[in-house]
Amino acid sequence: MAALSKGIDVVTFGCRLNTYESEVMRREAESAGLGALEGGAIIFNTCAVTGEAVRQAKQSIRKARRENPAARIIVTGCAAQTEPENFVAMDEVDLVLGNEEKLKAHSYRALPDFGVNDTEKARVNDIFSVRETAGHMVDAIEGRARAFVQVQNGCDHRCTFCIIPYGRGNSRSVPMGAVVEQVKHLSNNGYAEIVLTGVDMTSFGADLPGSPKLGKLVKTILRQVPDVKRLRLSSIDSIEADDDLLDAIATEPRLMPHLHLSLQSGDDMILKRMKRRHLRDQSIRFCEDVRKLRPGIVFGADIIAGFPTETEAMFENSEKIVEECGLTHLHVFPFSPREGTPAARMPQVRRELVKQRAARLRAAGEAAYRRHLATLAGTRQSILVERDGLGRTEGFTLAAIAAGSPGEIVEADITGHDGARLIAAPATARAA
């Protein structure tokens, strides 16, 4: 991180929702006057999903202070919401803001520079008291070829391993009209691909008048914003996928053929101990049914390795579900006990074994990904160019392509792969 003299630098950890919120934070901090402070301001938007995520944030904060001794350092996000006292105790930190406070300009004026008592280092309120989520209009997502739009925040479920509801609060939906307007605004600003994001996206609408579901939102966006070329969903809970969503997957070519599933495990007993709401057969059947609706659709998934009480046989069920669901993009999380969650009090699997199982799952995921790359050789793909000669297909597969500008969609022929990405060349005209 280069040393600042003035201005605002936002450092983002974690999910796509954090990426979107970081743009709102940047705007609000600028309107509060932080950009004019001598030495500048650095805002850390943290993640709390694992203990490692929190450790990395603290490490980055210490490094930023060494490199920017005069900067004002503000820490916010889920880690700041769930364990504010740990960041208050850091001498490097000037201000700690909760997840609700970070989206409001006046919160940033709590810095001592604005005449506030410097003993009031933390501004973190009860996140469960927040009942609504407003749609914040942003013009762009800095450094990104695709744009993210928040449709929902928080979660009403209480999976035994998860700290996130305590960082995000209960589920609140952004009104459908506000989502549509944000998508339209970003599309008009030149973004070819929009990604809908939230903490528990498939719970969208339950708190809105008429209880519209995610499928209705998707269809409304595609109908009312005809210029948006690609609409993508971030992580979904397959057990909550509604009929309109499935119909949109089957019939709307602008809805990208890629779904990231919150599976977490492939073993029924572990799923029950996690308090998940699906079983392994339901996940397998969902993938089979959706492939019939949209042949060629690509699935990714989150899977936790080494959940408390997990036996070798239970773990092998998670290994097998990679192939049984036909997963391509695997996010593997070694189980990380989060203080205050029920899973942290369960009998733990040895750390060495957790790491070994995570490595085995990653190996299974990498093998599945290479098989997927091989199936695309000789095909023609639409690639959204990102940066440094790389882009993503409609199925979110990484591709190397020496053509196009960031944000541009390029038609390309796939000539092969190098084990990590597709090798693509600008499409040549096909013979009639």
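1. Threonine 393 touches Arg230, Arg232, Gln381, Ser382, Ile383 and Leu422, leaving aside residues up to four places away in sequence; contact here means heavy atoms within 4.5 Å. Threonine 393 sits in the loop between β15 and β16. The residue is buried, with a relative accessible area of 1%. Buried stands for under 20% relative accessible area, exposed for over 50%, and partly exposed for what lies in between, with a 1.4 Å probe and protein chains only.

2. On the basis of the note: this is a predicted model, in which local features need pLDDT of at least 70 and side-chain atom pairs count only at pLDDT 80 or more, while totals for chains, interfaces and linings use all residues. Residues are numbered from 1 along each chain as its sequence is written, and side-chain values use heavy atoms, with hydrogens and water left out. Helices (H or I, at least four residues) and strands (E, at least two) are DSSP runs, numbered from the N terminus.

3. The loop that holds threonine 393 belongs to a hairpin: β15 and β16 have 5 residues between them, and phenylalanine 396 in the turn has a positive phi of about 70°. Strand β15 (residues 390-392) and strand β16 (residues 398-401) run antiparallel and are joined by 3 bridges. Two strands are said to pair if DSSP finds at least two bridges between them. Leucine 390 has alanine 400 in β16 as its bridge partner.

4. Which strand is joined to β16 in the parallel sense? That is strand β18 (residues 422-426), through 3 bridges. Alanine 400 has isoleucine 423 in β18 as its bridge partner.

5. An open sheet of 3 strands has the order β6-β9-β10, with parallel pairing. Its edge strands are β6 (147-150) and β10, each of which pairs on one side only. The twist averages 30° from one strand to the next; axes are lines fitted to C-alpha atoms, for helices over the stretch in contact, and angles run from 0 to 180 degrees between N-to-C directions. β9 and β10 pair over 4 bridges, in the parallel sense. Valine 195 stands opposite arginine 232 in β10. Helix α1 (residues 16-31) packs on this sheet and touches β6, β9 and β10, its direction making about 95° with that of β6. Helix α8 also packs on the sheet, touching β9 and β10, and its direction makes about 165° with that of β10.

6. Which residues of helix α8 (residues 214-224) are buried? They are Leu214, Gly215, Leu217, Val218, Thr220, Ile221 and Leu222. Their cover includes α7 (176-188), β9 (193-197), β10 (230-233) and α9 (243-251).

7. α9 also meets helix α11 (residues 280-293): their axes come within 8 Å and cross at roughly 45°. The two helices are therefore oblique to each other; angles under 35 degrees count as roughly parallel, over 145 as roughly antiparallel, 65 to 115 as roughly perpendicular and the rest as oblique. Leu246, Ile249 and Ala250 of α9 make the contact with Phe286, Val290 and Leu293 of α11. These residues divide into 6 nonpolar, no polar and no charged. Ala, Val, Leu, Ile, Met, Phe, Trp, Tyr, Cys and Pro count as nonpolar, Asp, Glu, Lys and Arg as charged, and the others, Gly among them, as polar.

8. Another open sheet of 3 strands has the order β11-β12-β13, and the pairing is parallel. β11 (258-264) and β13 (327-334) stand at the edges with a single partner strand each, so one side of each is left without a neighbour in the sheet. The twist averages 20° from one strand to the next. β11 is joined to strand β12 (residues 298-305) by 6 bridges, and histidine 258 has valine 298 in β12 as its bridge partner. Helix α13 lies across β12 and β13, running at about 165° to β13.

9. Helix α13 (residues 351-376) also packs with helix α12 (residues 312-324), at an angle of about 20° and with the axes 9 Å apart. That makes α12 roughly parallel to α13. From α12, Glu312, Phe315, Glu316, Ser318, Glu319 and Val322 meet Arg357, Arg360, Leu361, Ala364 and Ala368 in α13. The residues of this contact divide into 5 nonpolar, 1 polar and 5 charged.
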